[in-house]
Amino acid sequence: MKFTDGYWMLRKGVHAAHPVEVLDCTVASRTLVVHAPTKRIRHRGDLLKGPLVTIAYSSPMPDVIGVKITHFAGEAPQRPEFQLQDGSADPRISVGDDAAVLASGALSVRVDRGEEWRVDFLAGDRRLTTSGPKAVAFLETGDGGHYIREQLELGVDHHVYGLGERFGPLVKNGQTVDIWNADGGTASEQAYKNVPFLLTDGGYGVFVNHPGAVSFEVASEAVSRTQFSVEGQSMEYFLIYGPTPKEILRKYTALTGRPARLPAWSYGLWLSTSFTTSYDEATVTEFIDGMAERDLPFSVFHFDCFWMREYNWCDFEWDPRTFPEPRAMLDRLKSQGRDRGGLRISLWINPYIAQRSPLFAEGKALGYLLKRPNGDVWQWDLWQPGMGLVDFTNPEAREWYASKLDALLDMGVDCFKTDFGERVPTDVEYFDGSDPERMHNYYTHLYNQTVFDLLRKRRGEAEAVVFARSATAGTQRFPVHWGGDSESTFAAMAESLRGGLSLGMSGFGYWSHDIGGFEGTPDAALFKRWIAFGLLSSHSRLHGSHSYRVPWLFDDEAVDVLRSFTRLKLSLMPYLSGAARQASAEGIPMMRAMVVEFPDDPACAHLDRQYMFGDDLLVAPVFSADGEVSYYVPEGTWTHYLSGRRVTGPRWVRERHGFDSLPLLVRPGAVVPVGAVDDRPDYDHAAGVTLRAYELTDGATVTTAIPGPDGESAATFTTTRHGGEVRVEAAGAPPGWRVLLVGVRSVESVGGGTATEHEQGTLVQAEQDTLSIRGIS
């Protein structure tokens, strides 16, 4: 929200008050409290004038400093609040004549006690950012609104990222971003997943601890500052020190929650009925059989909205006209999939109850639907005629809603697509008295938590998964999330990627999108290009609006492309399981913007048409039918995974790829574990694994840990190189593992195994727990 008219003046009707000097500093309960008048204190008479700014500095954990700016402290506590973790930091506080300082870990905040208002955030002796004169403000608008604003200086070479899943430019500098969930597709400034957290490549991030509307002006209203504001009498934010983007994400997710660990089967291909298409059991069976006949592995079959009767969404009952025997049908479908490693079933749901649904009357009678202030059930006709919303602030309503899903789990359903949750009204009263403005974004958190907790209770830890569209800060704990309703165009494919990378820089570890786009029907070229992108995403789904997404409806080559990239992803499961463990244990996204991995390379700052998939794979989707693609290669000699061809950076590369290929490069010095199975995701990832070693430098040591089903390491390999010798030591690995030295055409001798030629180098079969490969050339 903008308050100024240019640099010098305020907008009409806006009045502002700013702290101008420090009156006093006190220390209480590990908190530094600063009182700052908004007028110079020249004599006692000036002490009678307000406002007086109260700013409290604290620290929930090392390298994180909280700043709470308050005008009137008499406001009643408001719900909801973000559920934050307390790391029990013990900050160091000192108050001197020149400054007051609170330090936590390597981060400190210094409040200058001189003639001009100035607050510096420091990492050691390095200044990260500053809140200077007229940065903090109490603002009254002509319509009676009262806002708290903060501005932090932005370095000349600093870029801002995050703020949720946003589909515009990855770098947010110059943008106005309103944190307000909306069902707006993927082609506008609106977003399904708004997160009041920004990440910079200047060594810090900022999380505004307000679940409702937050307005960010990122180098826009004041072009050298990052501004954020909320309506009310107080605002709290946390400044998080990295220094790297990865470290910022680790600390931010330690504060707001880490993504849950997901079951291995969820990384396989998901196939959907699509939305408004006509389907019944025969259609579903035809799709499943068609995938098997064409040797196309997939793991999950998804029934979209019309598994329920029209106008009855949601009653959680199968449409008896189309699916008269749902339990028997699910048994039959699952039996079809047993020979191919098992088939899971997903169902579409949303938190809205249409008036025609029998659950509407039931929910109304029980008081479980959201109400207007006069006691009426809140209703409208947008999406479902007469629909109401489940009031998830009522514990009994949550249990009631979960019980309907529980019956479906008994029937054989495995997971749910938790769609919608963005269009949440503010002219309502919640059961627990929550403020409607604060609940607008937070509603989706309670919705997805309700479903995820049920799945975790029924299926066990690390077996729960939802396919969610809406989210806010902290909702990363209930994965996975997909990008929403994109058009079937190359432009939408690119905007989807931007959204996913932005979400990853907002604390979300996993992300997916509709292969081929949702709205419209992609042509064969777009569909095949999107397949490659989709199967090199953390989660992969074939889904559309009014047309099917089975590949044989496009052309025969689409079948081959889908088979090839699906099998590629499944073979990479030992590598991807390690990346997934990073997501759940550290908050580092599986798909990450190049700047996350290469923050010191200025060429990576704006890159949003390529990404790193885990630590070591660079993916550059092809956004053209003819296969023309350009991408940036960071420093070192990288290797094309599919061909073994090398390219040395830093440089830009332009190539042309067929539909069966795309730029998929391996980082120099990487050891990528590749599985022995490529027709299912949930296999023993360590059994028969091949370690593909790339450009190992003299003196290098690489540890490769392959997680087991419990997330702990099932096998660990330590690869070292000294001169012309590569040594690999295995711990906990089943017999049969191998090493592929990519680009190495001959070796003199092998201790503990045997070597053979391979199209990309030399393949060594291990016969002991230690391999010693000498005479590498």
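User: What makes the stretch holding threonine 719 a strand?

Analyst: Threonine 719 lies in strand 39, residues 713–722. A strand is a DSSP run of E of at least two residues, numbered from the N terminus. The model is predicted, so local features need pLDDT of at least 70 and side-chain atom pairs count only at pLDDT 80 or more, while totals for chains, interfaces and linings use all residues. Residues are numbered from 1 along each chain as its sequence is written, and side-chain values use heavy atoms, with hydrogens and water left out.

User: Why is threonine 719 called buried?

Analyst: Its relative accessible area is 3%. Buried means under 20%, exposed over 50%, and partly exposed in between (1.4 Å probe, protein chains only); threonine 719 is therefore buried.

User: Which residues is threonine 719 in contact with, beyond its neighbours within four places in sequence?

Analyst: Contact means heavy atoms within 4.5 Å. Among the residues that threonine 719 contacts are Val671, Leu696, Val702 and Val728.

User: How do you know that strand 36 and strand 37 pair?

Analyst: Two strands pair if DSSP finds at least two bridges between them. Strand 36 is joined to strand 37 (residues 690–694) by four bridges, and the two run antiparallel. Valine 672 stands opposite arginine 692 of strand 37. From strand 36 (residues 671–674), Val671 and Pro673 point one way, Val672 and Val674 the other, and all are buried.

User: Why is one side of strand 8 and of strand 12 left without a neighbour in the sheet?

Analyst: Five strands form an open antiparallel sheet in the order 8-9-10-11-12. Strand 8 (92–95) and strand 12 (126–131) stand at the edges, each with a single partner strand, so one side of each has no neighbour in the sheet. Strand 11 (residues 119–123) pairs with strand 12 over five bridges.
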